[in-house]
Amino acid sequence: MMASESLRGHTILLLTDDYTHLLLDLDRVLLVIGAGSQTPVILASQTSLLHTSHPVHHTKSTSLATFIIFYNDPTSFLHLLDANTNWKPNYLVLLCLQPAFNATSVLNQPVVLRSPHLLLLHVKLQQRLLAYTNRPTRGHTFTEVFLGNWNPDKIYKSQSLFPPRLNDFGGYTMKVTMQCLEEPYLYFIDVENGICRGAYDDMLLIIGKKLNFIYTQNVHEELVWGYKKNGTWYGLIKDLVYKDRDIAASTMSLNMERQRDFDIIAPFLGNSFSLLLLRPPPLPLWQNILYPYSTLMWIMLLIATLTSAAVFAILLHYNEGFKDPFGIALQVNLRREHIPIQHEVPSAI
């Protein structure tokens, strides 16, 4: 079907339904799609993908090429898969083995449209293999595009294997949500009518001319970028989930929650953060003796001194030869040297 050169450097996820899992020679399939000995391959069924936890890089990665091979109608499976926000393979190949099935209907499934590079191969009678993709048109609809008969003997590179499909939006009107309080990136020029200008506005105009779309501004009044609480999104980016907006134009930091639930463009601006603390003034010179230790350390030393002196006094108290055991204990503790002790010898009468 395709040479290994087109998938070099990619991880392959091979996904089958229950029927094709029994029907196909998977070793032969891997050989045909070009999975060499150095190519990482993940095998999974529709059931295991839905009910088993998988690492994110198995379902969402720029180097992930996914093959969904099916004989029965996969619509119900794709609807369930749509709930997985981590599903977005960069390259997606749909292979339909049922000649009578209307395979092109699968191209308009929302979960399928997430993949930037998309190819549908449909097995027809006389072993013909028809190739399709889709492209956006005005509105939220996509139109199927027939690419011709697939030549199994032809060597395909990734550029020809997945023809461009998102380079023309057909004049679609993008609904952009934004906060116009991020000067110079976005700022109000007409507060009453909610009209903003700035660097992001210029970028959208330039990209729109290149990809053939226009956009409308939808100002978000809440001064919150976006956070998730109890499964519900709040702030600016909640408009993408609950208000049918297409893009959120804002300067916001990347975190795991946002990257897991939303697609974020490549960062073009980086900010760094630093913590500044006021340096305390130097202590007066008369406090030189206190410099080596903190206040807590001095307190602990005082406690240790008094405690050890008290212990020595108690121990020496039981020796009848010492007249002043407490004084001797203090001398031992403070001077930290041996003190010869003279025993008083009673004089003869």
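D82 counts as partly exposed, at 32% relative accessibility (buried means under 20% relative accessible area, exposed over 50%, partly exposed in between, with a 1.4 Å probe and protein chains only). The structure is a predicted model, in which local features need pLDDT of at least 70 and side-chain atom pairs count only at pLDDT 80 or more, while totals for chains, interfaces and linings use all residues. Residues are numbered from 1 along each chain as its sequence is written, and side-chain values use heavy atoms, leaving out hydrogens and water.

D82 forms a salt bridge with R114, with the closest N and O atoms 2.7 Å apart (a side-chain nitrogen of Lys or Arg within 4 Å of a carboxyl oxygen of Asp or Glu). R114 is likewise partly exposed, at 23%. The count comes to 5 salt bridges. Another one joins R197 and D201 at 3.9 Å, N to O; here R197 is partly exposed at 35%, whereas D201 is buried at 3%.

Turning to the sheet, three strands form an open arrangement in the order 12-8-15, with parallel pairing (strands are DSSP runs of E, at least two residues, numbered from the N terminus; two strands pair if DSSP finds at least two bridges between them). Strand 12 (213-219) and strand 15 (247-249) are the edge strands. Strand 8 (residues 172-178) is joined to strand 15 by 3 bridges, and V176 has I247 as its bridge partner in strand 15. A salt bridge also links K175 and D246 (3.9 Å, N to O). K175 lies in strand 8 and D246 in the loop between helix 7 (238-242) and strand 15, so this pair ties together parts 71 residues apart in sequence.

Terms used
Helix = DSSP H or I, 4+ residues; strand = E, 2+ residues; numbered from the N terminus.
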